Structures are given as C-alpha cells and as structure tokens.
Amino acid sequence: MKIIPDDKTLKLIRMLEKGASGQRIAEELGISRTSVWKMIKKLEKMGYKISAKRKVGYKLVEAPDLSPYEVAKVCRDLRNLIREIHYYDVTDSTNVRAKELKKPGVLVIAERQTAGRGRFGRKWISEPGGLYFSLTLPKSLRIEDIPKLTLTAGVAVAEVVGGRLKWTNDVLIDGKKVCGILCELAGEVENPLIIVGIGINVNNQAPKEFNAISLKDVHGRELNRSEILGKVLRNFAKYYEMLINGEWGKIRERWKELSDTLGRQVVVRIAGREYRGKAVDIDEDGALLLEKDGKVTRVYSGECFYVKN
Ligand code: BT5
C-alpha cells in the first residue's frame with residue numbers, strides 16, 4: 001500500500017512499538033542514526049510519545065488518535081478497497097482532492113477542511129477533531145446505483161456510531177446530525193469514478209448553529225478516530241461488496257431497521273418543488289415513498305424535513 005507522505009515511517013513505528021535501538025533502526029531502514037533521530041522528532045511533533053533510554057533504545061509510549069500512519073495501520077486488511085492513502089493536515093475538501101486524483105482505490109483524509117462540501121452547494125463545517133475522508137471506489141457502479149450507495153454508506157456508519165438514518169444521507173444521534181455523506185461522480189459517463197465522502201463529528205465541537213452532535217458529547221469523552229475510521233471502512237467494505245454482488249435488498253432491509261424517517265410526516269424539497277406525506281418505505285431504487293390521501297409518491301432525492309404533528 002502506498003502512503004502519501006512516506007511509508008518508511010510506518011516501518012519505524014512498527015519497530016518502536018516493540019522497542020529498538022537507534023543503531024538497529026538505522027540498519028533496518030538503511031539510513032543514518034541522525035536521520036533516525038530526525039524521524040523520531042517528526043513523529044513527536046505529530047503527537048507520538050516515544051521514550052529514549054540508554055541500552056533499551058527507543059520505545060513507543062503513546063500514539064496520537066489520528067495520523068497518516070495510524071490510518072495506514074487500520075487500513076492494512078482493506079487492500080481490496082484501499083490501495084493508496086493521502087493524508088492532509090488541512091485541505092479544502094477531501095472530495096475535491098479525491099476527484100483530482102482520478103483513480104480508484106484511494107482514501108483521502110484530512111484533519112481539517114477549509115471548504116468541506118455538503119449537497120446542493122452547502123457547507124460541511126470541518127473543525128479539527130472530526131473525521132473527514134473520501135474514498136474512490138475500486139469497482140464502478142452504474143450511475144443509477146449512486147442513491148443506493150449513499151444509503152449503503154449510511155448503514156455502515158450508523159451501525160458503527162450507534163446512530164439512526166434520516167433519508168437520504170444523515171446519520172443522527174438523539175435526533176441530531178453526527179455524520180453527513182456526499183457521493184459524487186467524476187470521470188467519463190461510461191466509466192465514472194465514484195467518490196464517497198464522509199464527515200463525522202467525533203472529538204470536534206459540533207457546530208452550534210446547526211442541529212448537530214459529536215460523538216464526544218454522546219460518550220462524555222474523546223474517542224480514537226483511527227479506530228472509528230477502521231470500523232467504518234471495514235463495515236463499508238462489507239456492505240459495498242454486498243451492493244456489488246446484487247444484495248441491495250438486504251442492505252435496504254437494514255436501512256429500514258435503522259431508519260429514523262419511516263413512519264413520520266415529512267416534506268421533501270427539491271429544485272423548488274415540495275412533496276408532502278407520510279414516509280412509508282424506500283423502494284428498490286432507494287427512493288422515498290410518501291403516502292398522502294391513499295396516493296403514493298416516489299421521491300428520488302432532495303432535502304427531507306420532519307413535520308411536527
Ligand atoms: C452532507 O450534506 O451532509 C454531506 C456532508 C459530507 C461531508 C464530507 S467530509 C469529507 C468529504 N469532503 C467534503 O468536502 N465533503 C465530504 P448536506 O445533506 O447538504 O448537509 C449539509 C448541512 O449539514 C449544512 O447545511 C448544515 O445544516 C449541516 N452541517 C454542516 N456541517 C455540519 C457538521 N459538522 N455537523 C452537523 N451538521 C452539519
């Protein structure tokens with residue numbers, strides 16, 4: 001697996017986990033002892049705590065909850081899904097970066113985004129402490145399957161964070177948004193590159209101006225983001241495989257079990273139009289079925305609002 005920036009450091013971290021002398025590290029990595037020292041200083045700047053003792057050598061005491069190397073560790077067994085990792089301390093939007101890369105099987109992740117994107121040109125507030133990442137999918141799906149993919153990603157995240165799903169793409173905890181998902185297309189129409197962008201409020205302060213929540217509010221403590229990322233990616237890999245293998249029906253059932261929307265009176269707004277009714281089901285295309293006066297309407301996308309009874 002290719003890690004950008006570099007993967008020599010990953011090797012170093014593995015040695016530090018067990019403990020090793022500067023001399024041994026230098027030999028193993030084929031670099032000078034001064035270079036080893038410099039690499040260790042760089043890791044310390046990233047939040048790694050490393051002890052240095054005479055005779056014993058260097059040993060890793062504590063790792064930060066997120067770094068390119070911690071991400072690489074949790075992606076180790078996901079080679080079918082991810083072949084390359086691009087890590088940024090800060091970028092405009094991981095979805096934009098992923099689009100530019102123009103290749104499948106890439107994970108782009110950032111500690112912070114300056115122009116995180118939502119749907120319909122909206123913003124995703126991306127302060128440090130959250131999880132912001134985009135995946136380019138290794139196998140292409142048909143364009144018609146994109147709505148299903150959004151719902152599939154929602155199921156994968158909701159199971160991991162213990163949330164419920166608001167059609168189409170919100171993961172809620174206690175009725176507040178903890179995660180947003182933005183699937184986008186790039187490349188040619190016949191062979192599109194699909195990008196799945198996921199933002200999760202983890203240790204960041206949930207933006208006060210929205211009905212939002214962070215996992216740290218839910219758990220009353222900060223959580224390890226790499227661990228959450230690993231769980232989400234592994235769960236997504238499972239459901240994505242199911243989607244590719246034509247098992248959308250099973251995913252759809254799971255979505256319904258986790259749904260926060262079904263059974264509610266809703267308004268869906270899309271392109272200046274408005275659809276009202278009771279949300280009764282999602283169909284085989286991932287569209288929401290609204291029932292009003294015995295008539296059922298299918299809504300394929302849009303923003304869903306709950307109507308208070
Ligand atoms: C979404 O759009 O919910 C999709 C968000 C996807 C973000 C990820 S982060 C990694 C990747 N890179 C990107 O640039 N984007 C993806 P939408 O359904 O349009 O919801 C946007 C709305 O959610 C905003 O208008 C706010 O009301 C609300 N919002 C913005 N930031 C939020 C946050 N941090 N937590 C909760 N709600 C937020």
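The following questions and answers walk through a predicted model.

Student: What should I know about the model and its numbering before starting?
Tutor: This is a predicted model, in which local features need pLDDT of at least 70 and side-chain atom pairs count only at pLDDT 80 or more, while totals for chains, interfaces and linings use all residues. Side-chain values use heavy atoms, with hydrogens and water left out, and along each chain, as its sequence is written, residues are numbered from 1.

Student: How many salt bridges are there by the rule used here?
Tutor: The rule asks for a side-chain nitrogen of Lys or Arg within 4 Å of a carboxyl oxygen of Asp or Glu. One network of such bridges links Arg 142, Glu 144, Asp 145 and Lys 148. By this rule the count is 27 salt bridges.

Student: What is the N to O distance between Arg 276 and Glu 274?
Tutor: Arg 276 is partly exposed, with a relative accessible area of 41%, and Glu 274 is partly exposed at 43%. Their side chains meet in a salt bridge, and the N to O distance is 3.2 Å.

Student: Which residues make the nonpolar surface patch of about 250 Å²?
Tutor: Patches are made of residues with over 30% relative accessible area and no salt bridge, like charges being joined within 9 Å and nonpolar side chains (Val, Leu, Ile, Met, Phe, Trp, Tyr) within 5 Å; accessible areas come from the Shrake-Rupley method with a 1.4 Å probe, and for residues only the protein chains shown count as cover. One member, Leu 185, lies in strand β9 (residues 176–187) and is partly exposed at 35% relative accessibility. The patch is made by Ile 143, Leu 185 and Val 189.

Student: How is α6 placed against α8?
Tutor: Helix α6 (residues 146–161) and helix α8 (residues 225–244) pack with their axes 8 Å apart and at an angle of about 140°, where axes are lines fitted to C-alpha atoms, for helices over the stretch in contact, and angles run from 0 to 180 degrees between N-to-C directions. Angles under 35 degrees count as roughly parallel, over 145 as roughly antiparallel, 65 to 115 as roughly perpendicular and the rest as oblique. Therefore α6 is placed against α8 as oblique.

Student: What is the handedness of the crossing of α6 and α9?
Tutor: The axes of α6 and helix α9 (residues 248–258) come within 10 Å and cross at roughly 55°. A crossing is left-handed if the near helix is turned anticlockwise from the far one by less than a right angle, and right-handed if clockwise. The crossing of α6 and α8 is right-handed, whereas that of α6 and α9 is left-handed.

Student: Where does Lys 102 lie?
Tutor: Lys 102 has a positive phi of about 55° although it is not a glycine. At 69% relative accessibility, Lys 102 counts as exposed. Its place is the loop between α5 (94–101) and β5 (106–113).

Student: What is omega for the cis peptide bond at Trp 167 and Thr 168?
Tutor: Thr 168 lies in the loop between β7 (164–166) and β8 (170–173). The cis peptide bond joins Trp 167 to Thr 168, and omega is about 0°.

How values were computed
Helix = DSSP H or I, 4+ residues; strand = E, 2+ residues; numbered from the N terminus. Buried < 20%, exposed > 50% of the residue type's maximum accessible area, 1.4 Å probe, protein only.
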